[in-house]
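Subject: Structure for you to look at

Hi,

Here is the structure I promised to pass on, with some notes on what turned up in it. Have a look at it first, then read on.

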Amino acid sequence: MTVSEAPGQQVEATPAAGRPVWDVALRTAGVLISVVATLVTTLLEVELSVLRVGGVTGLFHGDAAIWTGGGALTGLAVPLTVGANLGLAWLAVTTIGRSWGIGVPWALWTLLMLGAAGTRTAEGDYLLGGDNWVALVMILAGSLSFAFYAYKMIMKPIRQG
């Protein structure tokens with residue numbers, strides 16, 4: 001965006017920080033995109049933490065309600081959480097364009113998981129209970145995924161030239 005300062009001169013419009021308006025708009029959009037992506041993946045991870053083998057086999061038998069099956073927990077949420085959180089970290093840093101961008105999904109994901117661990121359903125059960133090994137491993141692995149990505153960013157060699 002350019003603004004005429006004097007006849008024949010064009011000056012680029014910038015906010016007070018000295019950056020172009022489009023740069024600030026793109027970074028703001030990056031924050032919003034990473035927040036929405038974090039919300040969606042976190043809700044999916046919480047739902048998958050209670051998925052049981054009976055629900056998956058019921059899906060193959062034509063049952064529409066996969067959440068009503070019994071049996072052992074599948075643990076599908078753990079690798080999904082690791083992959084999703086690494087992807088969220090990359091997305092945030094890439095779209096925001098700053099290394100502090102990893103803090104947006106990391107903090108939001110952690111707050112949502114802590115909230116889910118402390119929230120009871122109408123029946124009195126916790127969304128992420130202490131007796132659900134998948135939920136406990138998911139919280140640990142998810143947080144470590146963000147920490148691993150941050151460590152990788154810190155240890156990245158400085159490019160010369």
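One cut-off before anything else: a residue counts as buried when its relative accessible area is under 20%. Please also keep in mind that this is a predicted model.

Let me start with Val134, which is found in helix α5, residues 133–154. Is Val134 buried or exposed? Its relative accessible area is 0%, so Val134 is buried. Which residues touch Val134, leaving aside its neighbours within four places in sequence? They are Ser49, Leu73, Gly75, Ala77 and Val78.

In soluble globular proteins, nonpolar side chains tend to be buried together. Here the largest nonpolar core has 22 residues, and those touching the most other members are Ile102, Met113, Leu128, Met138 and Phe146. At least two residues of this core come from each of α1 (21–48), α3 (77–96), α4 (103–117) and α5. The most is given by α5, with seven residues. For Ile102, the contacts beyond four places in sequence are Ala89, Ala92, Val93, Phe146, Tyr149, Ala150 and Met153.

Helix α3 is worth a check of its geometry. The buried residues of α3 are Ala77, Val78, Thr81, Ala84, Asn85, Leu88, Ala89, Ala92, Val93 and Ile96. Because they cover an arc of only 160° around the axis, they sit on the same side of α3. What covers these buried residues includes α1, α4 and α5. After α3 comes Gly97, with a positive phi near 80°.

Finally, a look at Arg27, which has its place in helix α1. Arg27 has a relative accessibility of 17%, so this arginine counts as buried. What does the side chain of Arg27 reach? It reaches the backbone oxygen of Ile96, at 2.5 Å. Not counting residues up to four places away in sequence, Arg27 touches Arg19, Thr95, Ile96, Gly97 and Arg98. Two of these names have come up above: Ile96 is among the buried residues of α3, and Gly97 follows that helix.

Happy to talk any of this through.

Best wishes

Definitions and conventions. Residues are numbered from 1 along each chain as its sequence is written. This is a predicted model: local features need pLDDT of at least 70, side-chain atom pairs count only at pLDDT 80 or more; totals for chains, interfaces and linings use all residues. Side-chain values use heavy atoms; hydrogens and water are left out. Helices (H or I, at least four residues) and strands (E, at least two) are DSSP runs, numbered from the N terminus. Buried means under 20% relative accessible area, exposed over 50%, partly exposed in between (1.4 Å probe, protein chains only). Contact means heavy atoms within 4.5 Å. A nonpolar core is a set of buried Ala, Val, Leu, Ile, Met, Phe, Trp, Tyr and Cys residues joined through side-chain atoms within 4.5 Å. A polar contact is a pair of N or O atoms within 3.5 Å; within protein, one must be able to donate a hydrogen and the other to accept it, and residues adjacent in sequence count only if both atoms are side-chain atoms. The arc is that of the directions from the helix axis to the C-beta atoms.
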